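Open your viewer and get ready to select residues by chain and number.

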Amino acid sequence: MEPIQDLQWLLSLGTFLPLVGVLLMLFVPKKDVDTAKTIAVGTALATLAVGVYTALKFDYGQSERLQFFTSNSWIKPIRATYTIGLDGISLPLYLLSMVITVVVMIYSWNHVPPPGNTKAFFILMLVLQTGMAGTFMAQDLILFFVFFELVLLPMYFMIGVWGGDNRQYASLKFFLYTMFGSALMLVGFIALFVVTKNNASDPAAANFSFQWFNENGPDVARNTAVWIFAGLFIGFAVKVPMFPFHTWLPDAHTEAPTQGSVILAAILLKLGTYGFVRIAIPFLPQAAVKWAPAIAVLAVIGIIYGALGCLAQTDMKRLIAFSSVAHMGFVMLGISTLTDLGINAALFGMVAHGLITGMLFFIAGSVKERYHTLQISQLSGMLKQMPRMGWIFGFCAMASLGLPGLAGFWGEFPALLSAWSPAQVLVSNGHLDLFRILTTISALGTVLAAGYLLWLFQRTAMGEPAAISVGSAGHDSHDIHDVNAFEWAAWTPLLIAIVVLGIVPKLLLDLSDPGVQLITEVFRK
Amino acid sequence: MLAFSSPVIDYHALAPELVLSAGLCVVLLVDLFVPDHRRWITGTLTGLFLLGALVPVVTLAVIGDDVRSSLSGEGVTGRYVVDNFALVLKALFLLTGYIVVLLSAHEIEEGHYQGEFYVLLLSSVLGMVMMASARDLVSLFIALEFLSIPAYMMAAWKKRDRKSNEAGVKYYLLGVFASAVMLYGMSLLYGVAGSTLLTDIGKSVTLKGDRVGVQVLGVVFVIVGFAFKVSAVPFHTWAPDTYEGAPTPVTAFLSVGSKAAGFVGLVVLVYLAFPQARDVYRPFLWVMAALTMTIGNLIALKQTNIVRMLAYSSVSQGGFILMPLAMAFTNGAQETSLRAVIVYLIIYAATNLGAFAIVIAVSRKTRSGEITSFGGLFQYAPGLTVLMTVFLASLAGIPPLGGWYGKFAAFRAVLDAAGGWGYTIAIVGAVNAVIATAYYVNVMREMWMKPVPDSDVTPIKVYGSVQAALVICGVATLVLGVLPGLIAKVGAITDLATGP
């Protein structure tokens with residue numbers, strides 16, 4: 001399918017604009033905090049404006065085709081190219097990364113965590129933005145790899161410098177886990193290239209563009225493909241994270257500053273699932289069929305393990321982190337069915353989880369700021385002290401547990417539905433029973449989700465105000481105040497999106513479906 | 001019958017060496033006549049001569065890709081040549097030398113011995129530049145000794161420091177031992193081939209017919225000699241002590257220049273002299289690569305001294321360069337392997353010199369080599385911290401900094417070679433890349449997240465020359481990471497001439 005090559009500069013502009021902001025900020029003296037913040041937020045807003053313009057110019061009638069496509073030579077001797085483009089699968093994520101960066105920056109305006117150093121903090125967020133947007137627009141494996149890795153260092157420093165008490169351990173764990181995954185992933189990428197090149201009738205045409213692998217990857221012999229898939233699987237599964245590679249996530253989330261947790265949950269985890277949908281499965285469909293049952297089993301273990309983990313947590317933020325493991329389990333379950341319904345659900349779930357869990361982490365950050373603790377046992381009565389905050393929290397908890405009418409529902413329910421009837425090729429391989437059993441078990445996971453979220457809400461928001469927050473005279477201590485202007489500004493867009501996507505899921509599903517159809521075509525036989 | 005016909009000398013081709021030789025004499029003479037407080041002139045002059053030698057390298061490169069023998073005539077043609085391979089590496093050695101001069105300016109015992117130091121540095125660089133052109137056992141050996149002997153003295157430069165003396169003596173004893181082993185190997189190869197020309201040896205060392213044992217021993221001994229130079233495990237034991245004891249600029253020089261020279265020697269040997277001896281060198285280099293990466297890494301993890309850590313890290317980086325070399329003649333991976341080695345050497349040089357420049361700048365204030373002395377550096381020297389982070393991340397191979405491309409090229413080469421050998425070493429390499437990250441990140445953590453050890457946050461004064469070195473290395477590391485295409489072309493197989 002021919003890509004559409006108009007406005008070729010648009011994606012590069014949207015991706016690299018944040019770096020221009022970084023360059024400007026380098027010349028701002030460290031003490032002049034307000035100028036630095038203004039430049040940063042201004043850059044993020046300008047980037048978002050470019051993103052919105054991209055969305056407006058996107059041809060929704062042909063969302064399966066790559067748009068704003070351009071391909072230039074980059075590293076000739078290894079045949080890596082600067083090939084970029086967006087289709088209906090990547091556009092929502094590309095845009096989401098820009099929205100999240102803006103709201104996180106607005107929230108950070110007066111919420112820079114200790115030890116301060118506002119300028120560096122905002123610079124890191126801008127660098128992260130470039131890495132995230134770049135990963136979604138890349139249409140070349142090497143370019144993808146570079147952007148995929150670009151987010152690593154900023155996030156490491158964000159957790160390690162601005163994080164909680166145990167930040168050094170958590171950030172190192174995050175770093176090493178991800179490095180381990182990406183080293184094997186890189187070997188997988190190169191092996192894939194070498195094998196397809198040697199198979200091809202015209203080896204001189206081989207290059208690292210996605211197009212090359214889409215055309216030549218499926219011909220890789222199954223046994224080789226299964227091994228290469230293993231390398232990619234580890235790289236992406238660490239990022240998702242899938243059980244048993246998830247152990248970095250609760251630590252990283254708990255110790256990260258609010259902003260770090262939000263970006264991590266909303267975008268970084270999606271780099272992994274996006275990698276499965278965009279790279280691993282379409283390039284190596286034969287191996288994907290072999291791996292699908294294993295992925296499904298690990299996904300369901302993740303769902304149940306994450307949910308049980310949530311029930312055992314005493315810390316609100318850690319609980320939300322474990323709920324991420326469970327939610328990403330649903331996303332991976334959807335992907336493992338290799339059906340259009342499942343992958344569409346997964347893509348929807350990625351966006352929904354980004355919005356909802358991002359919101360939950362925001363709330364956790366604000367609660368921590370007001371009560372100076374996230375211990376569930378010490379919190380209560382939020383609804384009485386700060387009714388708006390409490391209700392927003394309740395709303396997000398409902399969205400997170402998959403209440404119909406809100407965004408979370410459309411990620412979970414279709415995933416379950418698709419797992420009941422996985423792709424034809426999986427059925428003919430005799431995996432139908434497995435997938436049905438897994439569906440049943442993961443349905444249990446939704447019940448558990450309702451359990452831990454409602455229980456969390458009940459313990460923290462209902463009842464009488466917590467003792468720690470009440471001063472000696474019976475008044476609320478002065479730290480307790482309801483949602484402030486910066487919080488409203490940051491949260492409103494996310495809350496609206498949760499409702500709108502919940503009522504009109506077509507918005508996203510119509511966008512991603514044509515592209516997904518192309519991917520799943522081979523699995524329908 | 002043995003009438004001596006003097007060789008025809010191609011002065012243009014020989015110009016870099018001639019400029020350096022002239023520099024040697026001039027610096028030595030000038031040193032005699034300048035008063036003590038103007039000794040810095042010798043350093044400046046040395047830098048100028050190194051850059052001056054770069055001019056003919058550039059003109060030779062511009063003029064064309066014709067291969068020229070610097071000396072031609074009866075019995076000397078093809079033994080000392082200038083091809084693209086040689087030019088790229090000459091440029092690398094000259095620039096490395098220049099950066100080391102920049103780093104040395106305020107480090108080498110101020111006052112009396114500066115002149116001698118720079119003379120030794122120049123002659124060592126001259127040896128390296130010769131190494132890039134040597135295509136004959138004799139010229140190879142002379143180049144190696146030319147670069148090594150001054151380096152022994154430079155390692156022991158801090159006269160009154162016992163560790164520095166130990167560094168020099170250890171380096172000297174093991175170096176001479178390695179030379180002896182290598183010389184013995186060379187004599188065996190000469191015995192087999194009846195010629196010292198590498199391409200002649202390449203035709204004779206086929207591991208077939210009579211004297212297979214002699215051939216095997218010859219190949220192994222010569223490789224062992226160079227393995228000492230590149231500090232490959234198990235011949236690395238001198239490196240950490242020497243690196244720690246030597247003045248830091250000398251350490252930077254040894255870990256980059258001298259190591260690269262060793263690899264250049266290995267490359268021309270493998271490509272020109274041993275192409276048919278794969279069954280000997282491949283398992284040997286393969287095992288050495290795996291050991292070098294792994295053991296270098298594991299020991300680096302435990303280091304508390306930054307220089308020792310960087311020493312073991314450079315041992316382990318050497319493993320990544322040996323990796324493609326081991327697979328050079330497997331399934332037509334010659335070209336990708338050669339590229340991988342050269343590209344890796346260039347990127348590694350920029351990055352590692354940068355890291356040492358930071359160590360020099362920081363230790364000037366902290367007077368300590370402990371990693372903990374970097375604690376809280378971000379609070380009082382954010383610029384140095386960011387640069388050090390860039391260098392460390394590049395060494396760890398994190399995009400978009402230079403090092404990733406070196407690692408990529410190395411993986412690409414061994415996967416090109418395919419087969420069990422290639423895949424296995426690729427996995428070993430990947431795991432080691434992760435282990436290495438741990439100790440690089442440890443230093444980052446110290447700088448960004450730990451408190452300042454003695455709460456002394458007076459800003460660090462960085463000398464102009466060190467700043468210049470930092471800018472060169474930093475820009476190179478960043479640019480090569482984003483646009484590796486700039487150097488990815490070097491190391492085409494045709495660059496390495498097999499004869500005029």
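How many aromatic pairs does the structure hold over all chains? There are 53 of them. Keep in mind that this is a predicted model.

**Stop one: a pair of rings**

Select B:F117 and B:Y118. Their ring centres are 5.5 Å apart and their planes meet at 80°. Planes over 60 degrees apart count as edge-to-face, so this pair is edge-to-face. Two values describe such a pair: the distance of the centres and the angle of the planes.

Are these two residues buried or exposed? B:F117 is buried, with a relative accessible area of 0%. B:Y118 has 2% relative accessibility, and it counts as buried too. The cut-off for buried is under 20%.

**Stop two: charges over rings**

Move to chain A and select A:K239 with A:F148. The charged end of A:K239 sits over the ring of A:F148, 4.6 Å from the ring centre. Next, select A:R459 and A:W455. Here A:R459 lies over the face of A:W455, and the distance to the ring centre is 3.6 Å.

**Stop three: the largest pocket**

Show both chains again. The largest pocket has a volume of about 1800 Å³. It is lined by 47 residues. To find its centre, select A:V22, A:L26, B:V386, B:V390 and B:L478, the lining residues closest to that point.

In chain A, they are helix 1 (10-26), helix 4 (118-137), helix 5 (141-150) and helix 6 (152-162). In chain B, they are helix 15 (382-396) and helix 18 (464-482).

Which helix gives the most to this lining? Helix 18 of chain B does, with nine residues.

Colour the lining by residue type as well.

**Stop four: helix 6 of chain A**

Helix 6 of chain A is mostly covered: eleven of its eleven residues are buried. Click along the helix to see them, including A:L152, A:P154, A:Y156, A:G160 and A:W162.

**Stop five: chain B as a whole**

Chain B has 19 helices and four strands. Its radius of gyration is 22 Å, close to the 23 Å that the globule rule gives for 500 residues, so chain B is as compact as a globular protein of that length. Along the principal axes, its C-alpha atoms fill a box of roughly 75 × 60 × 40 Å. Colour chain B by burial to finish: 64% of its 500 residues count as buried.

Conventions
Residues are numbered from 1 along each chain as its sequence is written. Chains are lettered from A and ligands numbered from 1 in the order in which they are written. This is a predicted model: local features need pLDDT of at least 70, side-chain atom pairs count only at pLDDT 80 or more; totals for chains, interfaces and linings use all residues. Side-chain values use heavy atoms; hydrogens and water are left out. Rings of Phe, Tyr and Trp (its six-membered ring) pair if their centres lie within 6.5 Å; planes under 30 degrees apart count as stacked, over 60 as edge-to-face and the rest as tilted. Buried means under 20% relative accessible area, exposed over 50%, partly exposed in between (1.4 Å probe, protein chains only). A charge sits over a ring if NZ of Lys or CZ of Arg is within 6 Å of the ring centre and within 35 degrees of the ring normal. On a 1 Å grid over the protein atoms alone, a cavity is a set of points where a 1.4 Å probe fits but cannot get out, and a pocket is an open set with protein on both sides within 12 Å along at least five of seven lines; lining residues have an atom within 4 Å of a point. Grid points are joined across faces, edges and corners, and a volume is the space filled by probe spheres set on the points. Helices (H or I, at least four residues) and strands (E, at least two) are DSSP runs, numbered from the N terminus. The radius of gyration is taken over C-alpha atoms; the globule rule is 2.2 Å times the number of residues to the power 0.38.
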